[in-house]
Amino acid sequence: MFDGTPAHMSSIGGVRVVLHGAAGEVTGSCTEIITPTARFLVDFGMFQGGPEQEPRNTVLPPVDFPSLAAVIVTHAHVDHCGRLGMLAKLAFDGPVLCTEPTAELLPRVMLSSATLQQTRVHEYRDGTAPTSRILAPQNLVTAIPIRKSPPIVLFTHRHAEAVIRRLRSVPYQCWERIAEGVDVRFHFASHVIGAASVEVRVQLPGRSKAVHILLSGDVGPLSNPLLAPHQWPQDAPDLVVMESTNGARRFSAVDRTEAFFNIMEQARRGQQRVLVPTFALGRAQTLLQLLASASRAGILGGMPVYLDSAMAVRATELYARNPSELASSIHAECMRGVNPLHFPELHALMSRRESEAIDRVSSGCVVLAGSGFCDAGPILRHLRLAIDQPDSRLLLTGHQLDGLLGHGLLHGATRVEINGAALDVKARVDRIEGVSGHADANDLLEWLRRMPELPKMVVLNHGAEQARDALAADVRALGVSSVLLPSAGQQIEVA
Ligand SMILES: [Zn+2]
């Protein structure tokens, strides 16, 4: 099934798939599809997880970039699109295809990434880079990640702008020809606004039936309260390349809304400051939907909610402007002129100055700020001010990366260092499970089961090894005869 030939060296009569990233891990998504008439990439994501992962982004996959027919982007999360800005340097001059909302988001994501890369260089030079680590208890102690060399600039604004000019949006469900005999189309993935699964149809010479491949991208939960449900292809795919982020997890059926409302109620009564680490696209909007419900139920009772992320504010506007991508009940609200993610207590903070102004707020409040892993961004500054205050709370709602501050706080850190200040953890730390943009194992299996026919072959990507292994066993039990867990660079022959 596999051979050791680098993808760009092979000459083929069939269709091959190569994972160049997210193979046994959750970042760096990049899959190459090779047909007799065209090669193209689906996603060109960044490897994430701290300074030690950064150099991996400079190691390019063995892809002949100038000859690619297209680069297709499933959605605007950095682990799927974070290296697009490098394409201009790699002499790629084809189209970058994505859905309309993703085409609106990508310029902002790429330009702010270019700014962030430059900022990191300045912070490194000036010795002002944000830092955090766990000081106690002993079993959780972490070291401040040491940079052995200056931060890497993968691309500049100029490079990003060159790629932005290559963006082309394609409506969901519409076939787009990218080369002779090769067509692609997008299906709702119910993960974040604009997210898509990608169906590839390849008509091989002399074959009566086209080869169909479905690349899941990131798959959202099946009963997503915010986004429209998934779409499945009409033709049975020969191969499904499928994410496995939560392949080993099953979220309990306990209603997260009640737990969330209880925390908000306690915060309002106790005049507590609740810090909620979040990501700008997806997690922020899921939390805003919960907060909007809390507001309508009178639970917030005027307690201010600060959304401390210009990117999250812009992404939230995009949700309201694309009602057809939202769950039907939310769609109906939009049609009545109600913004489902807006409520009277919500305040958007668009600058550092506005962010610093809420340091003086002494009443109960909720602060949504990035990063969701608590390793960078404004949440670090908010944590430094609040983590040693008993009337503060930290509410964690998603997966925390091992070794980073959020992970340590989730697992009982009692003393931490944030931006040089050693602090006792006196804030209460809560966790609500299931506020995830990713399907759990049950939903991933059900998503696969709802294909017109079970595929003969499934390739699992975008999951840690343990998650991939667990999902592989379940997919085999479902009746799929060939479940592959390739490493990066291995070629998979489809037809
Ligand atoms: Zn994603």
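A residue is called buried if 20 or more other C-beta atoms lie within 10 Å of its own, exposed if 12 or fewer do, and partly exposed in between, with C-beta atoms placed from the backbone. The model is predicted, and local features are reported only at pLDDT of at least 70, side-chain atom pairs only at pLDDT 80 or more, while totals for chains, interfaces and linings use all residues. Residues are numbered from 1 along each chain as its sequence is written.

By the burial criterion, 48% of the 495 residues in the protein chain are buried. Along its principal axes, the C-alpha trace spans about 75 × 50 × 40 Å. Two residues are in contact if their C-beta atoms, placed from the backbone, lie within 7 Å. Of the contacts between residues at least 6 apart in sequence, 77% join residues at least 24 apart.

The protein chain is divided into domain 1 (7-129 + 151-249 + 438-493) and domain 2 (256-431), with bounds that come from an automatic or database domain assignment. The centres of the two domains, taken over C-alpha atoms, are separated by 29 Å. At the interface, 17 residues of domain 1 are in contact with 19 residues of domain 2. The domain 1 side comprises 9 nonpolar, 6 polar and 2 charged residues, where Ala, Val, Leu, Ile, Met, Phe, Trp, Tyr, Cys and Pro count as nonpolar, Asp, Glu, Lys and Arg as charged, and the others, Gly among them, as polar.

Helix 2 (residues 100-126) has 27 residues and reaches 40 Å from its first C-alpha to its last, close to the expected 39 Å; the expected span is 1.5 Å times one less than the number of residues. A bend of about 25° occurs at leucine 106, and proline 107 follows within four residues. The bend is the angle between axes fitted to the seven residues ending at a position and the seven starting there. The buried residues of helix 2 are Pro101, Thr102, Glu104, Leu105, Leu106, Val109, Met110, Ser113, Ala114 and Arg120. An α-helix has 3.6 residues a turn, so residues three or four places apart point the same way. The packing partners of the buried residues of helix 2 are helix 1 (78-81), strand 5 (96-98), helix 3, strand 7 and helix 6 (310-321). Just after helix 2, glycine 127 takes a positive phi of about 70°.

Most residues other than glycine have a negative phi, and most peptide bonds are trans. Alanine 22 has a positive phi near 50° and is placed in the loop between strand 1 (16-21) and strand 2 (30-34). Alanine 22 is buried, with 26 other C-beta atoms within 10 Å. Glutamine 173 has a positive phi near 70° and lies in the loop between strand 7 (167-169) and strand 8 (176-179). Glutamine 173 is partly exposed, with 14 C-beta neighbours inside 10 Å. The peptide bond from alanine 136 to proline 137 is cis, with omega near 0°; proline 137 is in the loop between strand 6 (132-136) and helix 3 (157-164). Glycine 370 and serine 371 are also joined by a cis peptide bond, with omega about 5°, and serine 371 is in the loop between strand 16 (365-369) and helix 9 (378-386).

Leucine 423, in strand 19 (residues 421-424), is partly exposed, with 18 other C-beta atoms within 10 Å. Not counting residues up to four places away in sequence, leucine 423 touches Ile387, Asp388, Arg415, Val416 and Ile418. The C-alpha atoms of leucine 423 and arginine 384, 39 residues apart along the chain, are separated by 7.8 Å. Arginine 431, in strand 20 (residues 428-431), is partly exposed, with 14 other C-beta atoms within 10 Å. With residues up to four places away again left out, arginine 431 touches Leu396 and Leu410. Arginine 431 and valine 78 are 353 residues apart in sequence and 24 Å apart in space, C-alpha to C-alpha.

Terms used. Helix = DSSP H or I, 4+ residues; strand = E, 2+ residues; numbered from the N terminus.
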